[in-house]
There are 2 protein chains.
Amino acid sequence: MDRPEIILAHGPTPIPPEVLLAQGSPLAYHRGPGFGSIMGDVTDRLKQLYRTDSADVLLMTSSGTGALESAIQNCFSPGDEVFVPLAGFFADRWRRLAQAYGLTVRSIEYEWGRRIDPDEVARALREHPVNAVLLTQSETSTGVIQPIESLARVAKDAGAMVVVDVVSSLGAVPFEFDGWGIDVALGGSQKALSASPGIAFAAVGARAWEATTTASNPRFYFDWATYRKYASLPDPENPWTPAISVMQGLQAALRLYFQDGVEAALTRHRMLSRGVKEGVRALGLDLFGEGLDDNWTVTAIRAPEAADADTICARIRRDYGVVLAPGQGPLKGAVFRIGHFGYVSELDILRGLAALEMTLEKLGHPVKRGASVAAAEGVFLEAEM
Amino acid sequence: MDRPEIILAHGPTPIPPEVLLAQGSPLAYHRGPGFGSIMGDVTDRLKQLYRTDSADVLLMTSSGTGALESAIQNCFSPGDEVFVPLAGFFADRWRRLAQAYGLTVRSIEYEWGRRIDPDEVARALREHPVNAVLLTQSETSTGVIQPIESLARVAKDAGAMVVVDVVSSLGAVPFEFDGWGIDVALGGSQKALSASPGIAFAAVGARAWEATTTASNPRFYFDWATYRKYASLPDPENPWTPAISVMQGLQAALRLYFQDGVEAALTRHRMLSRGVKEGVRALGLDLFGEGLDDNWTVTAIRAPEAADADTICARIRRDYGVVLAPGQGPLKGAVFRIGHFGYVSELDILRGLAALEMTLEKLGHPVKRGASVAAAEGVFLEAEM
């Protein structure tokens with residue numbers, strides 16, 4: 001019998017039934033009070049999630065990469081210098097985006113799986129000041145959460161703007177736009193918020209708005225000033241026809257997210273992350289990457305001797321309909337990843353671990369049946385105490 | 001009682017229940033066979049709709065404006081010269097987009113509502129050759145369908161590439177990518193196809209691909225070569241996480257569209273257009289724009305003495321939940337527009353006309369009750385003979 005696949009990857013994350021219903025409901029027309037109230041509601045909640053009173057939050061129809069490009073277009077001119085600490089696939093996307101627009105990119109290269117060292121970045125910025133530092137909070141390719149608060153501080157000290165990709169982290173791990181002095185933060189609908197992909201957001205602070213006035217990179221569809229103008233109408237609008245159905249779903253997703261409050265959502269993400277990590281360790285597998293206690297979005301796992309990581313992903317998907325994420329770049333074949341963010345429950349984790357046990361046993365890895373489930377149960381029960 | 005609004009505007013158009021269900025169904029994961037088969041199916045049908053065997057059709061998560069920008073980014077370099085015949089709001093969008101990327105724009109200005117004269121364009125191109133001509137098939141702001149076949153011929157004769165905005169025309173009026181020698185045509189999900197907004201498409205022919213190899217405009221999210229690479233995988237993909245739910249809906253919408261075949265869909269659009277026009281005339285209102293027999297997407301109507309066009313739109317929406325489109329630019333207040341494309345039936349038109357009758361009567365315009373309904377019924381009955 002055909003069943004929907006069970007997604008435990010790095011996003012899109014599972015979509016709650018309430019969200020599916022909202023995006024399957026008749027569409028609000030995108031000019032007028034109906035859509036205006038949806039957009040207003042979504043914007044207000046996102047501001048809470050970003051922890052900002054000062055920034056504008058702009059909603060764009062695109063994937064997260066489009067939002068990243070919007071920052072390059074709106075804040076910079078060819079020849080501007082930016083610093084990009086490279087420690088994975090998505091940091092490298094910043095580098096490629098910046099270079100596509102004629103920016104000069106300076107960087108320190110870290111081995112994938114490493115955390116970026118704020119002191120090293122501080123030294124580099126002292127030696128050679130730049131216009132901005134481009135950061136990635138959740139480096140999804142390695143599962144590592146980068147130390148944005150410290151990195152933002154050293155960037156500020158060096159007079160550089162701070163632009164952060166929070167696509168796969170916003171809502172899953174702590175983030176403070178105002179408190180940490182962030183200038184731009186780019187997010188997406190399809191990660192910790194568990195809406196469908198199609199809407200990306202840009203939180204834009206005062207210093208970034210100032211930068212837009214001199215930035216000469218060409219832009220039109222992603223021009224922030226145009227978005228701000230339409231969002232300021234009595235019934236907020238998008239300048240272009242937006243992905244209305246996705247926006248309706250995003251509104252429902254944010255309502256669900258806020259039911260228990262932001263703190264509860266973060267605590268849940270931490271617990272699920274611990275459950276996955278203890279479960280995987282109980283199967284004798286090694287975790288990958290630094291700062292495992294902080295990474296509440298995606299866990300990277302070294303493949304055992306018995307099987308290549310790509311084979312594990314292919315087999316568990318074929319046999320049990322569970323979608324895990326294979327390794328990217330230099331980690332291809334060596335690492336696979338389990339996503340545990342968004343609309344994921346303890347039982348979702350337990351069934352995923354059970355499927356992993358059966359898959360690994362079939363692939364010849366020595367498995368004590370039930371061991372990973374038992375370990376994760378231990379984490380979840382302890383959390384209830 | 002709250003009911004969904006009845007959309008008879010210039011898009012998004014009404015969404016069929018089958019499409020709502022598809023976009024409200026659990027999401028196919030965007031890497032792998034499930035989504036691959038959806039993307040393959042959508043691409044194949046769009047090629048049929050574009051009437052092309054030769055072009056690639058690329059699917060991007062954005063509104064139509066993003067697709068237009070993708071053409072400017074991928075085909076041109078700063079300083080390139082383009083010709084844009086200006087006859088409405090969306091032709092002017094081409095001008096603004098081209099100028100945002102440093103292109104030199106040459107143009108002839110027409111009064112809004114006029115059809116572009118291919119002979120005049122031919123003369124202008126002979127006097128001053130350009131790299132490309134940027135056209136808009138359905139100038140939604142005026143309802144006018146521009147003569148793309150003739151315009152493409154004179155552009156070709158002058159050695160210029162032909163880039164066409166078919167966002168609001170593809171599927172509603174005849175279009176021949178291969179037959180007319182088009183190089184690029186940009187469409188959207190939310191118009192004649194009646195899917196939700198969020199997916200835009202670019203049909204890209206051989207000459208345009210050639211142009212991309214030298215075009216130096218910066219691009220990343222909308223880089224066509226990247227889309228082609230991912231679309232060529234055994235299970236076709238998008239490079240970035242696409243609006244999966246909208247794509248699922250688009251697949252359902254295309255299935256519905258093709259149920260009766262493309263010819264039947266075009267015939268239906270012509271009939272609905274005639275019904276609206278006869279109905280409106282029977283109320284003593286004047287139609288606006290040239291080439292009324294050909295414009296099967298949106299009909300522009302001059303407001304009567306009794307009421308401003310914006311007032312008519314506001315009142316019919318408030319009292320009956322019917323969304324018509326107000327006038328844009330120089331036509332604001334003077335003209336309102338009825339959209340009659342996409343998932344619209346004869347009865348949708350009749351109830352819309354009835355609501356218009358009651359609205360106009362309340363606003364003081366002399367109305368013979370039932371007259372517009374009777375006139376449209378005449379068109380529809382005749383079509384069944």
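Of the 385 residues of chain A in this predicted model, 57% count as buried, a residue being buried if 20 or more other C-beta atoms, placed from the backbone, lie within 10 Å of its own, exposed if 12 or fewer do, and partly exposed in between. Local features rest on a pLDDT of at least 70 and side-chain atom pairs on a pLDDT of 80 or more, whereas totals for chains, interfaces and linings use all residues. Residues are numbered from 1 along each chain as its sequence is written, with chains lettered from A and ligands numbered from 1 in the order in which they are written.

Chain A has a radius of gyration of 21 Å, which agrees with the value near 21 Å for a compact globule with 385 residues; the radius is taken over C-alpha atoms, and the globule rule is 2.2 Å times the number of residues to the power 0.38. The C-alpha trace of chain A spans about 60 × 55 × 40 Å along its principal axes. Among contacts in chain A with a separation of 6 or more, 73% are accounted for by residues 24 or more positions apart, two residues being in contact if their C-beta atoms, placed from the backbone, lie within 7 Å. Chain A holds 13 helices and 15 strands, which are DSSP runs numbered from the N terminus (helices: H or I, at least four residues; strands: E, at least two).

In helix α6 (residues 148-157) of chain A, the buried residues are I148(A), L151(A), A152(A), V154(A) and A155(A). These residues lie on the same side of α6(A) because they cover an arc of only 165° around the axis, the arc being that of the directions from the helix axis to the C-beta atoms. They pack against α5 (118-127), β5 (132-136) and β8 (161-165) of chain A. After α6(A) comes G159(A), with a positive phi near 75°.

An open sheet of 4 strands in chain A is ordered β11-β12-β15-β14, with antiparallel pairing; strands pair if DSSP finds at least two bridges between them. Its edge strands, β11 (287-288) and β14 (325-326) of chain A, each pair on one side only. Strand β12 (residues 298-302) of chain A is joined to β15 (residues 335-339) of chain A by 5 bridges, and R302(A) stands opposite V335(A) in β15(A).

In chain B, 5 of the 5 residues of strand β8 (residues 161-165) are buried. M161(B), V163(B) and D165(B) point one way from β8(B), and V162(B) and V164(B) the other way. In a regular strand, side chains alternate between the two faces of the sheet. β8(B) runs parallel to strand β5 (residues 132-136) of chain B, to which 5 bridges join it, and L134(B) stands opposite V163(B). Parallel pairing also links β8(B) to strand β9 (residues 184-188) of chain B over 3 bridges; here V184(B) is the bridge partner of V163(B).

Between the chains, 41 residues of chain B are in contact with 43 residues of chain A. On the side of chain B that touches chain A, at least two residues each come from α1 (17-23), α3 (64-75), α4 (89-100) and α9 (244-259) of chain B. The residues of this side divide into 22 nonpolar, 16 polar and 3 charged, where Ala, Val, Leu, Ile, Met, Phe, Trp, Tyr, Cys and Pro count as nonpolar, Asp, Glu, Lys and Arg as charged, and the others, Gly among them, as polar.
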